[in-house]
Amino acid sequence: MKESSVALKREKLKRLESNELSRYRPYEKQRLFHEAGASHRERLFMAGNQLGKTLAGASEWAMHLSGRYPDWWRGRRFARPVRLWAAGVTAESTRDNPQRMLLGPPQRKDAWGTAALPGDCILGTSAARSSADTVDSIVVRHSSGGASTLAFKSYEKGREKWQGETLDGVWFDEEPPLDIYSEGLTRTNATGGITMITFTPLQGMSEVVRLFLSEAAFGKEAAPGAPGQASMER
């Protein structure tokens with residue numbers, strides 16, 4: 001009986017670990033960032049270190065990839081499988097941040113599926129050649145039927161590596177160079193897709209930051225439902 005009880009507790013813990021998305025409850029700034037996606041194609045979430053920027057990005061990407069939106073969700077929704085990218089400065093930083101927050105600890109394949117993406121919706125992963133424990137792409141079961149795809153990118157390889165694809169969304173974790181951001185945005189134009197940036201501002205009033213803050217500075221807002229930009233800062 002005791003062994004049965006221990007086994008039951010282990011199974012319950014395993015299920016909880018594999019369902020991190022269902023436990024995500026955004027604080028106000030995260031919630032506003034998500035909700036802005038319903039009416040803005042471009043979003044920026046600036047905040048200090050360890051304030052949940054990457055968590056917000058990973059949680060939203062997991063929802064779009066899987067089609068599993070919680071009852072409280074008021075942001076953009078996709079009723080079909082999607083094609084998304086997630087990117088960081090280098091292959092290593094992409095692995096240690098977006099990949100880790102979406103999939104699980106990079107060095108522990110047995111724990112993949114314990115982060116934002118629920119383990120039961122991950123259909124497959126393909127390894128990247130760039131660095132140890134890096135993933136090139138993930139195939140995710142979408143609740144509507146069919147499969148979504150997520151590919152990981154980095155800024156260090158240059159703009160040329162960002163050309164050609166048609167995407168539903170691009171997530172930049174850490175501030176991208178302007179040419180990389182512009183190329184990522186272009187990838188979503190044909191679909192009316194979304195871009196989002198999550199980062200701690202370390203470069204001051206850069207060209208990318210200016211794109212978002214200029215509208216706020218002049219008191220301009222995009223019309224409801226129109227393409228635009230939303231700036232969140234903490």
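Q: Which residues do the ring pairs link into a cluster?
A: In this predicted model, ring pairs join Trp-85, Tyr-155, Trp-162, Phe-172, Tyr-181 and Phe-212 into a cluster. Rings of Phe, Tyr and Trp (its six-membered ring) pair if their centres lie within 6.5 Å; planes under 30 degrees apart count as stacked, over 60 as edge-to-face and the rest as tilted.

Q: How many aromatic pairs by this rule?
A: The count comes to eleven. One of them is Phe-33 with Phe-45, a tilted pair at 5.2 Å centre to centre and 35° between the planes.

Q: Where do Phe-33 and Phe-45 lie?
A: Phe-33 is in helix α2 (residues 28–36) and Phe-45 in strand β1 (residues 42–46), so the pair links parts of the chain twelve residues apart. Helices (H or I, at least four residues) and strands (E, at least two) are DSSP runs, numbered from the N terminus.

Q: Is Phe-33 buried or exposed?
A: Phe-33 counts as buried because its relative accessibility is 1%. Phe-45 is buried as well, at 0%. Buried means under 20% relative accessible area, exposed over 50%, partly exposed in between (1.4 Å probe, protein chains only).

Q: What about the rings of Trp-61 and Trp-171?
A: Their centres are 6.5 Å apart and their planes at 70°, so this pair is edge-to-face. Trp-61 belongs to helix α3 (residues 53–66) and Trp-171 to strand β6 (residues 169–173), so the pair ties together parts 110 residues apart in sequence. Trp-61 is buried at 0% relative accessibility, and Trp-171 is buried with a relative accessible area of 0%.

Q: Which charged end sits over the ring of Phe-33?
A: That of Arg-43, 4.8 Å from the ring centre. Lys-153 lies over the face of Trp-85, at 4.6 Å from the ring centre. A charge sits over a ring if NZ of Lys or CZ of Arg is within 6 Å of the ring centre and within 35 degrees of the ring normal.

Q: Different topic. How many residues of β7 are buried?
A: Six of the six residues in strand β7 (residues 194–199) are buried. Ile-194, Met-196 and Thr-198 point one way from β7, while Thr-195, Ile-197 and Phe-199 point the other way.

Q: Why the two directions?
A: In a regular strand the side chains alternate between the two faces of the sheet.

Q: What does β7 pair with?
A: β1 pairs with β7 in the parallel sense over five bridges, and five bridges also join β6 to β7, again parallel. Two strands pair if DSSP finds at least two bridges between them. Met-46 has Phe-199 of β7 as its bridge partner, and Phe-172 stands opposite Ile-197.

Q: Which helix goes with β6 and β7 in the β-α-β unit?
A: Helix α5 (residues 178–187), and the unit is right-handed. That is, with the strands pointing away from the viewer, the path from the first strand over the helix to the second runs clockwise.

Q: And the whole chain, how many helices and strands?
A: Six helices and eight strands. Of the 234 residues, 46% count as buried.

Q: What are the ground rules for numbering and confidence?
A: Residues are numbered from 1 along each chain as its sequence is written, and side-chain values use heavy atoms, with hydrogens and water left out. Local features need pLDDT of at least 70 and side-chain atom pairs count only at pLDDT 80 or more, while totals for chains, interfaces and linings use all residues.
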